[in-house]
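Please open your viewer and get ready to select a few residues.

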Amino acid sequence: MSVLVLTLAVSAACCLGLGFVLQQNAAERAPLGDFLSPRLLLDLVRVPRWLAGMGLMVVGMVLGAIALGGGELTLVEPLLATNLLFALALSRLQTRQPLGRRGWVGLALLAGGVSAFILAGEPRGGSAVTDPVRHWLIVGAMLGLALALTACAGRFRLTWGPTLLALAAGLLYGVQDALTRVSGRRFSAGGMAEVLTGWQPYAVVVLGVTGLVLVQSAFETAPLRRSLPALTAAQPLAGIACGVGFLGDRLRTDAPALAWETGGLAGVVTGIVLLGLHPAMPQGTGDSGPERALQRG
């Protein structure tokens, strides 16, 4: 494992985690009439706290993209999942809640799961799959599932909606990371001209904007604990599926390694859920209910 890739990925996770908390602090006060609408971004762009959160998120995405340029997706994605640790750290400062047994167990499971997956799987690069059918099957399955989750979220807006939206956004971000990796390879092969002649960079922008609308809609309708765990769990799983599925990433496949890899991913998801449900996570202080839907600005 490259020390530079490790440093970049963890730094990206730090920026993302802190940025998510600041964004949710602002988004929870947005009018519910903006739910799943690009107009939500226009309302939030006037809020300094949200802009600060977005700035951190952009820095995190840039650092993550650089890390993806130097490391495999199956290595970088689990490290990015540690953003929840940094989100919890900032939330603890805001809520002054102690970490407690649940927090320590969640932290150990998340950190231990990431370590177990990386050490057991030994992620390494390989030859990318050239069959376009396989690309589209995997990407199409991710996008189709994200679309279905978004449709369901619209029906259960104030109950399961935020969690479903966060899952959908996590899938989109996982695919976005994979396509960012593809764009990086194209840049290495032929420079910017090679990048701009492919569809991947444009898809990265579309997925990024769409994911942003989904995430902010989830943030505005429920506390962070209802959305961030789902987002944090779905993104690495989708990214790893793309990495192994068509980017040529390779993991050890002997029985002991597969057992540790599976256990590691299970630990990551369990740790994410425990940390996401921790009392330190903001429970929301903004107005809620039908009256918020009538507010504008």
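This is a predicted model: local features need pLDDT of at least 70, side-chain atom pairs count only at pLDDT 80 or more; totals for chains, interfaces and linings use all residues.

Residues are numbered from 1 along each chain as its sequence is written, and side-chain values use heavy atoms, with hydrogens and water left out.

**Stop one: a nonpolar patch**

Select Phe187, Met192, Leu196 and Tyr202: together they make a nonpolar surface patch of about 430 Å². Such a patch joins nonpolar side chains (Val, Leu, Ile, Met, Phe, Trp, Tyr) within 5 Å, from residues with over 30% relative accessible area and no salt bridge (a side-chain nitrogen of Lys or Arg within 4 Å of a carboxyl oxygen of Asp or Glu). Areas come from the Shrake-Rupley method with a 1.4 Å probe. Now colour helix α8, residues 161-196, which gives the patch its largest share, three residues. Helices here are DSSP runs (H or I, at least four residues), numbered from the N terminus.

Stay in helix α8 and click on Leu196. Leu196 has a relative accessible area of 46%, so it counts as partly exposed (between buried, under 20%, and exposed, over 50%).

What is the phi of Glu122 near? Its phi is near 45°, a positive value in a residue other than glycine. Most residues other than glycine have a negative phi. Glu122 is partly exposed, at 41% relative accessible area.

Finally, select Gln94 in helix α5 (residues 83-95). Gln94 is partly exposed, with a relative accessible area of 36%.

Definitions and conventions
Patches are made of residues with over 30% relative accessible area and no salt bridge: like charges are joined within 9 Å, nonpolar side chains (Val, Leu, Ile, Met, Phe, Trp, Tyr) within 5 Å. Helices (H or I, at least four residues) and strands (E, at least two) are DSSP runs, numbered from the N terminus. Buried means under 20% relative accessible area, exposed over 50%, partly exposed in between (1.4 Å probe, protein chains only).
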